[in-house]
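Please work through the following exercises with the sequence and the model side by side, and try each task before reading its solution.

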Amino acid sequence: MFAGHFGLAAAVKAKNPDIPLWTLMASTQLLDIAFVPLLLTGAEKIETVGDGGYGAGIFTIDYSHSLVSAIILAIIAGFIALKFLGKKQAFIIGSVVFSHWILDLFVHRPDLSILPGNIGNIPQVGFGLWQWPVLTMLLELALVVIGGMMYSRSLLKGKNKQNKKLVIFTSSLVSVLLVLSLVLDFMD
C-alpha cells in the first residue's frame with residue numbers, strides 16, 4: 001500500500017492547493033517514517049512469508065502502527081501544521097497522517113495493534129486483502145491513478161499555462177513509474 005498512500009496524498013493536494021505537496025507526502029507516510037528507526041533498532045520487524053513478494057510480510061509493528069500511536073502522531077502533526085499552515089490545513093494534515101492506519105487496516109493481515117506495544121494483548125486487527133494480491137494491487141493502482149489524475153487536473157487549471165506540457169509529461173512519467181513499481185512488487 002506504499003504507493004496507494006501517495007495516491008491519497010495527491011488527491012488531497014488537488015483539493016487543497018495551499019498545503020505543500022511534500023507536507024502531504026510526508027504526512028501520509030509518517031507511520032512508516034516512525035517505523036524505520038524502530039525496525040533498525042529491532043523494536044519492530046518484518047518476517048517474509050513463503051517466497052516473498054507483494055504483501056508477503058508478517059509485520060511486528062506494535063508501536064509505529066498501533067491505533068493509539070496513529071492517533072497520537074496525527075495529533076502531533078496537526079499541531080505542528082497549525083503553527084505553520086493554519087487551522088483547516090492542520091486538520092487535513094492530521095487526517096492524512098491517520099489515513100495511513102485506515103488504508104493499512106484494509107490490506108494488512110491482523111498485525112495492527114490497538115495499543116502501543118500491544119499492551120493488554122488485545123486482538124490485533126487487519127482485513128488481510130494482501131491474501132488476494134491482484135485485488136490489492138488493483139485497489140492500490142486505483143488510488144494512485146485517481147490521485148494522480150486529480151492532482152494533474154488541478155495543476156492544469158492553474159494560471160501558469162507555460163507549464164502545462166511539463167505537468168502532463170511529469171504526471172505521465174510519475175504514473176508510469178508508480179504502475180511499474182506495483183507490477184514489479186506483484187511479480188516478486
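**Exercise 1.** Determine which residues of H4 meet which residues of H5 in this predicted model, and how the contact divides by residue class.

*Solution.* Begin on the H4 side, where Leu-67, Ala-70, Ile-71, Leu-73, Ala-74, Ala-77, Gly-78, Ala-81 and Leu-82 take part in the contact. Then turn to H5, which contributes Lys-87, Gln-89, Ala-90, Ile-93, Gly-94, Val-97, Phe-98 and Trp-101. Sorted by class, the contact of H4 with H5 has 13 nonpolar, three polar and one charged residues.

**Exercise 2.** Work out how H4 and H5 are oriented relative to each other.

*Solution.* The axes of H4, residues 67–84, and H5, residues 87–107, come within 8 Å and cross at roughly 155°. Since angles over 145 degrees count as roughly antiparallel, the two helices are therefore roughly antiparallel to each other. The handedness of the crossing of H4 and H5 is right-handed.

**Exercise 3.** Decide whether Glu-140 is buried or exposed, and locate this residue in the chain.

*Solution.* Glu-140 lies in helix H6, which spans residues 133–156. Its relative accessibility is 2%, and because buried means under 20%, Glu-140 counts as buried. The C-alpha atoms of Glu-140 and Leu-103 are separated by 9.7 Å, although these residues are 37 residues apart along the chain.

**Exercise 4.** Describe the chain as a whole by its secondary structure and its share of buried residues.

*Solution.* The chain comprises seven helices and two strands, which follow the pattern α-α-α-β-β-α-α-α-α along the sequence. Of its 188 residues, 39% are buried.

Conventions. Residues numbered from 1 in each chain as written. Predicted model: local features only at pLDDT ≥ 70, side-chain atom pairs only at ≥ 80, totals over all residues. Heavy atoms only, no water. Axes fitted to C-alpha atoms, helices over the stretch in contact; angles between N-to-C directions. Helix = DSSP H or I, 4+ residues; strand = E, 2+ residues; numbered from the N terminus. Parallel < 35°, antiparallel > 145°, perpendicular 65-115°, else oblique. Left-handed = near helix turned anticlockwise from the far one by under 90°. Contact = heavy atoms within 4.5 Å. Nonpolar A, V, L, I, M, F, W, Y, C, P; charged D, E, K, R; others polar. Buried < 20%, exposed > 50% of the residue type's maximum accessible area, 1.4 Å probe, protein only.
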